[in-house]
Amino acid sequence: MCRNPTTPQTEESQPWLLLSLKSYGTKPPKETAIWCTIFFFLSILCMAEQLLRYAFFSVKDMYPFLEKELDRQILARHIGIDCFSCIVCAILGLQASPIIREFFDHVRGIKKGMEAETYEKRLFTYHPQAYRLGAFFMAYQIHDLYDALVWDDGAAYVFHHIVSMIPTFLSMYPGCAGFYVIFFVGISEISTAVLCLLANFDEDGHGVQDLGIHLPVTKIVLASTFVVLFITIRSILWPAFSYYFIRDCMQALKEKDDNKTVKPRAYAVRVMAACDGGLTVLQIMWLGQIFITLKAEIEKLQAA
């Protein structure tokens, strides 16, 4: 039997700050506790960014690329917020990876699994690991959305942050697809962590000016690592997870009128499936940008 993901714990047993896995209990925590935890994580991220700005300021005379305040702010943002958050999400996702072992065993042909008939187990089983991951990811995306607006990252990134937050919150309330959350906002962030470091080398105003000149080998290593990780995680694993997720969502919607577990969550299932479709399109767009950027970099090397 699947554990109901919407029955809250009793108030007596519910802490206001959910940090340890044990604090999430065997039933979903109250929304108030999740929001307190989200804002706690958000405050940690803000402090990490400010501490890194101070650290860069204290050694600014040692490195030419730390002389300008704007460059120090860019580095603090991409390292102290983005990269750090992605690493935390990836670690939480990897810690919870035994939950999604069924997927990997199935695609590798080790044993059967991921049957359409067992969609309830994947969509509606309560996983404390997914809630803790979701709470931290929400904090990260709230901060990143603010940064995207302040730093004028562009409409695509604003869209990405909003469309990432909506299904993440719905995965907790009313409670849906915790199985898939572990990959989509956890393990998949491995490639994003490298991308955040690589973003410091951008020459379009969002990176540190001439950083590639000072650290040319670092740039090449990060770029090569990112391409491999992006293709593996975002271009191979992401579409595969999306296929099974959309299939499970469609199966659930077919039975919504006869299934008491599905019926009150039908709207969440629809919204999450639509958001996954939008994010998948973004993965394809970004893959195209990667190849365009690679071509430009190769032409630069040949010209040099």
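Predicted model: local features only at pLDDT ≥ 70, side-chain atom pairs only at ≥ 80, totals over all residues.
**Overall fold**

Taken along the principal axes, the box filled by its C-alpha atoms is roughly 65 × 45 × 35 Å. Of the 304 residues, 48% count as buried, and among contacts between residues at least 6 apart in sequence, 75% join residues at least 24 apart.

The accessible surface of the protein chain comes to about 15,400 Å², with 66% of that area belonging to carbon and sulfur atoms. As for charge, the protein chain carries 27 positive and 30 negative side chains, and the centres of these two sets lie 9 Å apart.

Helix α6 spans residues 155-175 and contains Thr168, which is buried with a relative accessible area of 3%. Leaving aside neighbours within four places in sequence, Thr168 is in contact with Gly134, Phe137, Met138 and Val185. Pro174 is also found in helix α6, and a cis peptide bond, with omega of about 15°, joins Tyr173 to Pro174. Gly175 lies in helix α6 as well, and its C-alpha atom is separated by 19 Å from that of Phe241, a residue 66 places away along the chain. Ala177 lies in the loop between α6 and α7 (178-187), and phi of Ala177 is near 65°, a positive value in a residue other than glycine.

| Residue | Relative accessible area | Class |
|---|---|---|
| Met114 | 1% | buried |
| Thr168 | 3% | buried |
| Gly175 | 1% | buried |
| Ala177 | 1% | buried |
| Phe226 | 7% | buried |
| Phe230 | 4% | buried |

Each of these residues is classed as buried because its relative accessible area falls under 20%.

**Aromatic pairs**

A pair of aromatic rings is described by the distance of the centres and the angle of the planes. Rings count as paired if their centres lie within 6.5 Å, and by this rule the count comes to 25 aromatic pairs. In one of them, the rings of Phe226 and Phe230 have their centres 5.5 Å apart and their planes at 55°, so the pair is tilted. Which helix holds Phe226 and Phe230, and how many residues apart are they? Both belong to helix α10 (residues 216-254), and because they are 4 residues apart there, they are separated by about one helical turn. Phe226 is buried at 7% relative accessibility, and Phe230 is buried at 4%.

Ring pairs also link Phe103, Phe104, Phe179, Tyr180, Phe183, Phe184, Trp238, Phe241, Tyr243, Tyr244 and Phe245 into a cluster. One of its members, Phe241, is the residue whose C-alpha atom is separated by 19 Å from that of Gly175.

Methods: Residues numbered from 1 in each chain as written. Heavy atoms only, no water. Phe/Tyr/Trp six-rings, centres within 6.5 Å; stacked < 30°, edge-to-face > 60°. Helix = DSSP H or I, 4+ residues; strand = E, 2+ residues; numbered from the N terminus. Buried < 20%, exposed > 50% of the residue type's maximum accessible area, 1.4 Å probe, protein only. Contact = heavy atoms within 4.5 Å. Areas by Shrake-Rupley, 256 points an atom, 1.4 Å probe, with all protein chains shown as cover. Lys, Arg positive; Asp, Glu negative; His and termini not counted. Charge placed at Lys NZ, Arg CZ, Asp CG, Glu CD.
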